[in-house]
Amino acid sequence: MVQRSVASVGQQGDTDDRRSRAGFVVSGYTTVPYTIAYANELVEDPISFEWHNRENRLTYGKPRRGDWMHGVLLGRVRDLRDRPDRRGPERMRKLNRQRQRRCMDKLLCQVCGAPATDPDSGLIPWVLTKTVFERTGPDSGRTNAPPTCWTCMPEALEQCPMLNDDFALYTVASTTSAGVLADLYRLGVPTPTLSRRNVFVAWDAIAFHARALATSHVVELHGMRAVNALDWGSLAAA
Ligand SMILES: [Zn+2]
């Protein structure tokens, strides 16, 4: 089942370059957040449909191992964060899909890239805005925004442009991989035609996998507990 997007930030227009797709204004950071892409990391390899297993599926001209995950074609991107000489300027509105996935798989902080889990409590701090979150139960929900470690939290909260309306801070007990945010294509001549942008495609929504190009990874959060950000802020300052 394709469901409504859990994160529709940052795809259209370029009017607010300061706002990342994670929902933070990032220009205030002294270092570029870990998940933000650099210009030379962006890859525009052409895609096309091929006949495969009795259906048309998206592929690259020269497919590589690792281009698919559970039958979904993954958007290609380079990882040049550790190569300041080659990576080019940061692109504040673009996520690096590889690093975003690493954050989700290994529960790394989206700002600094270090493990986000609180070593004392075993819980994972998570900042969520409405635009990057879809609730699935009383204490669960889906997101493509990675966690934020407690060390980076004060600055993250300070930078969050939506602090006053739809922002929330949680601790999370565990996560499971849920699917991807993807652009969906249909057969077109001579190239595939974009039909829907930035929609959630679950791992069990097999009917949509062949025509999806994944742009980020979505996890389901379990054991969510709301933390009062103001209370936490005063505790952290004490
Ligand atoms: Zn951090």
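**View 1. Overview of the predicted protein model.** The protein has 238 residues, and 38% of them count as buried. Its secondary structure comprises 4 helices and 15 strands. Of the contacts between residues at least 6 apart in sequence, 73% join residues at least 24 apart.

**View 2. An open sheet of 3 strands, ordered β8-β11-β15.** The strands pair in antiparallel fashion. At the edges stand β8 (124–129) and β15 (225–227); each has a single partner strand, so one side of each lacks a neighbour in the sheet. On average, and with direction ignored, neighbouring strands here are turned by 40° against each other. Strand β11 (residues 167–172) and β15 run antiparallel and are joined by 3 bridges. Within this part of the sheet, Y170 stands opposite A226 of β15.

**View 3. The loop between β3 (47–52) and β4 (55–60), with N53.** N53 is not a glycine, yet its phi is positive, at about 50°. Is N53 buried or exposed? N53 has 7 other C-beta atoms within 10 Å. A residue with 12 or fewer counts as exposed, so N53 is exposed.

**View 4. The loop between α1 (97–106) and β8, with L107.** L107 also has a positive phi, of about 55°, although L107 is not a glycine. Around L107 there are 19 other C-beta atoms within 10 Å, and the residue is partly exposed. The cut-off for a buried residue is 20 or more such atoms.

Conventions: Residues numbered from 1 in each chain as written. Predicted model: local features only at pLDDT ≥ 70, side-chain atom pairs only at ≥ 80, totals over all residues. Helix = DSSP H or I, 4+ residues; strand = E, 2+ residues; numbered from the N terminus. Contact = placed C-beta atoms within 7 Å. Pairing = 2+ DSSP bridges. Axes fitted to C-alpha atoms, helices over the stretch in contact; angles between N-to-C directions.
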